[in-house]
Amino acid sequence: MSTIREPREFDDIPGTFVFDGQRNHQGYHLNMFCKSLDIKENREVFRQSPAAYLNRFPMTGEQREAVLQRRFNRLLELGGNIYYTWKIAAFDRVSMQAAGAAMSDEGMTEQEFRDMMLAGGRPMKGNRSKSDKNR
Amino acid sequence: MAKIIAGVGTSHVPAIGAAVDNGKTGNDYWAPLFQKFEPARAWIDEVKPDVCIIVYNDHAHAFDLSSISTFSIGTCESFKSSDEGYGPRPIPDVVGDPRLAWHLCESLIMDEFDITIVNDMTVDHGLTVPLSIMYDQPEAWPCKVIPLAVNVVQYPQPKGTRCLALGKALRKAVEAYDQDLKVAIFGTGGLSHQLQGPRAGLINAEYDEKFLNDLATDPQAVAEITHTEWLRESGSEGIEAVMWLVMRGALGDKVDEVYRFTHCAASNTNYGMTILTD
């Protein structure tokens, strides 16, 4: 299916993939693959032969590649929902803060992300609006 | 007759549950937050609600994208903890109250809130972390629990005005129940946080303070916040706090704020708690 989005008001929010109906439809099988990792037996099969396991789900080639390469922002672009893609991070025993660091601007380590959170988190200024960076 | 005695607002950060389960509540990272839980634990030990209605969201554990319900009530005898990838939390089963749950469903549906009725479900950190925050690690939870799950994962989440109105209808339903029960209602989730994307780690402490002020004194103003404003100002996951409006709606117009604090950061979240009484 097409990955060109019909624009929405909230698309102006920077660095954010709002999980609306378009993304649900685009990412349904990707997200249901992630959901399948809730089951221990499935996790074992996926660990042994990742690509073969992904073939059980009618996902796109781009979605499969992004899963195998653990490109978390790309997964969100391709219709992934964070609570579903998080299951891949949990499968890898990656912490929420490490996942946050991986999705942040290039080069942020887990420790840098943790320090940012303890210092009050990512600031609002400059992060409200793509069209008005001064807000 | 049953009576709503108080509302509790609390974030439901999963790492708080992990800290309890793994005996880390006294370490340098967690101790400052857990010390702030003490007055809340002393308060609930004193008021001893018979039933807690916990308004929370499931995070792709009991429910998934195959069917998405906006408001659901669990009518089960008991609820096991979900396996969130690390095995279920080592906590007691959550005991339900099917008779009260069915009364609420019936009353709400007759009041035109078309609740989904769930007879088979687990409960994830969204519900169990608030229990751990208030009750620590008991052998059995000291209250029965009615899970009221709200979809906040899929856009569009229910509007604030609808959540506030649902709270009012819940109050009416509770007050019409034929048993003498003390009922507390929990609104959970939030405050500002964003787990996803390049903006992950966003916190808006100023916005959260205004939210807590207005929730107590001008809930209608909170209810009228638009989806885009929630998402922009509070983070893509911070919109969970819309569920606190269900709690607020179940209280009277005028409330007393018994306790309140925020703590930044608990994992990726600006943790917030408020306790409000009629």
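Me: How many Å separate the centres of domain 1 and domain 2 of chain A?
Reply: This is a predicted model, in which local features need pLDDT of at least 70, side-chain atom pairs count only at pLDDT 80 or more, and totals for chains, interfaces and linings use all residues. Residues are numbered from 1 along each chain as its sequence is written, with chains lettered from A and ligands numbered from 1 in the order in which they are written. Chain A is divided into domain 1 (18-92) and domain 2 (95-135), with bounds that come from an automatic or database domain assignment. Taken over C-alpha atoms, the distance between the two centres is 24 Å.

Me: What is the mean pLDDT of chain B?
Reply: pLDDT is the predictor's confidence in each residue, from 0 to 100. In chain B, 100% of the residues reach 70 or more. The model scores ipTM 0.96 and pTM 0.97. The mean pLDDT of chain B is 98.

Me: Which element gives the most residues to the side of chain B that touches chain A?
Reply: Two residues are in contact if their C-beta atoms, placed from the backbone, lie within 7 Å. By that rule 30 residues of chain B are in contact with 41 residues of chain A. The elements of chain B that give two or more residues to this side are H8 and strand S9 (256-266); helices (H or I, at least four residues) and strands (E, at least two) are DSSP runs, numbered from the N terminus. With three residues, the element that gives the most is H8(B).

Me: Which residues of helix H8 of chain B are buried?
Reply: A residue is buried if 20 or more other C-beta atoms lie within 10 Å of its own, exposed if 12 or fewer, and partly exposed in between, with C-beta atoms placed from the backbone. What covers the buried residues of H8(B) includes helix H6 (205-217) of chain B. Within H8 (residues 227-234), the buried residues are B:Trp230, B:Leu231, B:Arg232, B:Glu233 and B:Ser234.

Me: Which residues touch the most other members of the largest nonpolar core?
Reply: A nonpolar core is a set of buried Ala, Val, Leu, Ile, Met, Phe, Trp, Tyr and Cys residues joined through C-beta atoms within 7 Å. Of the 115 residues in the largest one, three touch the most other members: B:Ile53, B:Val55 and B:Met243.

Me: Which residue of S10(B) does B:Phe261 stand opposite?
Reply: Strands S9(B) and S10 (residues 269-277) of chain B run antiparallel and are joined by nine bridges; two strands pair if DSSP finds at least two bridges between them. They form a hairpin with two residues between them, and B:Ser267 in the turn has a positive phi of about 55°. Opposite B:Phe261 stands B:Met273.

Me: Is B:Ala60 buried or exposed?
Reply: B:Ala60 is found in the loop between strand S2 (51-56) and strand S3 (71-74) of chain B. Its phi is near 65°, a positive value in a residue other than glycine. Because B:Ala60 has 23 C-beta neighbours inside 10 Å, it counts as buried.

Me: Is B:Glu112 buried or exposed?
Reply: B:Glu112 is placed in the loop between helix H3 (98-110) and strand S6 (116-118) of chain B. It has a positive phi of about 75° although it is not a glycine. Because B:Glu112 has 8 C-beta neighbours inside 10 Å, it counts as exposed.
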